[in-house]
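Okay, thanks everyone, let's get going.

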Amino acid sequence: MNETIALITGANKGIGLEIARQLGKQGMIVLTGARSLQKAEQAAKQLHAEQIRAYPVELDVTNPEHIRAAADRITTEYGKLDVLVNNAGIYVDHEGTDVEVMRRGFDTNFFGAYALTHSLLPLLQKSPAGRIVNQSSILGSLGTILTNEMYGSASAPVYTTSKAALNAWTAQLSIQLKDTPIKVNACHPGWVKTDMGGSDAVMEIHEGAETAVYLATLPDDGPTGGFYHKQDTLPW
Ligand SMILES: NC(=O)c1ccc[n+]([C@@H]2O[C@H](COP(=O)([O-])OP(=O)(O)OC[C@H]3O[C@@H](n4cnc5c(N)ncnc54)[C@H](OP(=O)(O)O)[C@@H]3O)[C@@H](O)[C@H]2O)c1
């Protein structure tokens with residue numbers, strides 16, 4: 001199949017929906033993953049109206065059955081996957097310091113991306129140019145929070161540690177896949193005006209999607225195993 005197939009998680013709103021839009025406008029078939037089928041369908045419908053080939057996928061990344069069903073469906077319908085953007089994420093630090101809050105943050109921000117990627121790896125390996133993009137955050141950058149007072153004082157232990165784990169695994173996976181065509185990178189979208197970023201954020205959503213789109217469309221001689229904002233690397 002000559003088509004490029006992209007799956008984006010958390011694609012029903014915010015940065016994820018915009019990543020799906022920008023990849024769709026480049027001609028890819030985009031699969032809009034969302035926690036419920038209804039949300040995934042709404043996103044696909046919205047993109048269809050913009051002449052984008054978008055198809056809904058019910059995909060709560062913490063639900064193993066959803067992950068299995070998504071992998072089965074992509075296998076049957078397309079036989080490969082070219083782009084996976086692990087964008088779904090939550091910010092739960094305002095909910096307290098209980099260990100259960102920590103587990104919930106990790107379930108979505110780390111284990112969700114980890115489990116989904118491992119289920120889809122056989123399909124990404126069938127692509128001539130697989131791209132995995134992990135939507136992280138500058139708050140997951142240890143090199144930044146230890147040296148930059150503004151980020152260091154954010155007091156977001158759940159978000160910081162779950163995104164730092166995502167970063168560490170991004171590096172590990174890129175090493176594991178270094179002799180294959182698959183490129184694996186993490187990104188920080190910027191502080192973006194979404195439900196998570198809030199209205200004081202400094203970047204519009206279309207700009208916030210740009211780093212993930214850049215990494216999802218890297219050429220064959222592009223980088224792997226990096227952490228990016230725009231086209232600049234960030235410290236891990
Ligand atoms: N906005 C920023 O300034 C900023 C900065 C740095 C990093 N990020 C990262 O960028 C990504 C997108 O954030 P955003 O700003 O677009 O936030 P958002 O508007 O709150 O969107 C988050 C998306 O993730 C989905 N999601 C949450 N839990 C999920 C799960 N278990 N399974 C599937 N989807 C799930 C949400 O679905 P529902 O609608 O069902 O909740 C929603 O679609 C996140 O990973 C976030 O950490 C954002």
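I'll start with the pocket, then move on to the ligand and what surrounds it.

Just so we're clear, this is a predicted model. The ligand sits in the largest pocket, and there's about 1,100 Å³ of space in that pocket. The lining of the largest pocket is made up of 40 residues, and G89, Y159, T194, M196 and G197 are the closest to its centre. If you sort the lining by class, you get 17 nonpolar, 15 polar and eight charged residues. As for helices, α1, α4, α6 and α7 each put at least two residues into that lining.

Okay, now the ligand itself. Which residues come nearest to the ligand? There are 30 residues around the ligand, and the ones that come nearest are N12, R35, K39, Y159 and T194. Helices α1, residues 14-25, and α7, residues 157-176, each supply at least two residues of the shell.

Let's look at some individual contacts to ligand oxygens. On R35, a polar side-chain atom lies 2.6 Å from an oxygen atom of the ligand. With N87 the backbone is involved: one of its N or O atoms is 2.7 Å from a ligand oxygen. G10 also has a backbone N or O atom by a ligand oxygen, at 3.2 Å.

And how much of the ligand does the protein bury? On its own the ligand exposes 900 Å², and the protein buries 94% of that.

Note on methods. Residues numbered from 1 in each chain as written. Predicted model: local features only at pLDDT ≥ 70, side-chain atom pairs only at ≥ 80, totals over all residues. Heavy atoms only, no water. Near = heavy atom within 4 Å. Polar contact = N/O pair within 3.5 Å; in protein donor to acceptor, adjacent residues only side chain to side chain. Areas by Shrake-Rupley, 256 points an atom, 1.4 Å probe, with all protein chains shown as cover. 1 Å grid on protein atoms, 1.4 Å probe; cavity = no way out; pocket = protein on both sides within 12 Å on 5 of 7 lines; lining within 4 Å. Sits in = over half its atoms within 2 Å of the grid points. Helix = DSSP H or I, 4+ residues; strand = E, 2+ residues; numbered from the N terminus. Points joined across faces, edges and corners; volume = space filled by probe spheres on them. Nonpolar A, V, L, I, M, F, W, Y, C, P; charged D, E, K, R; others polar.
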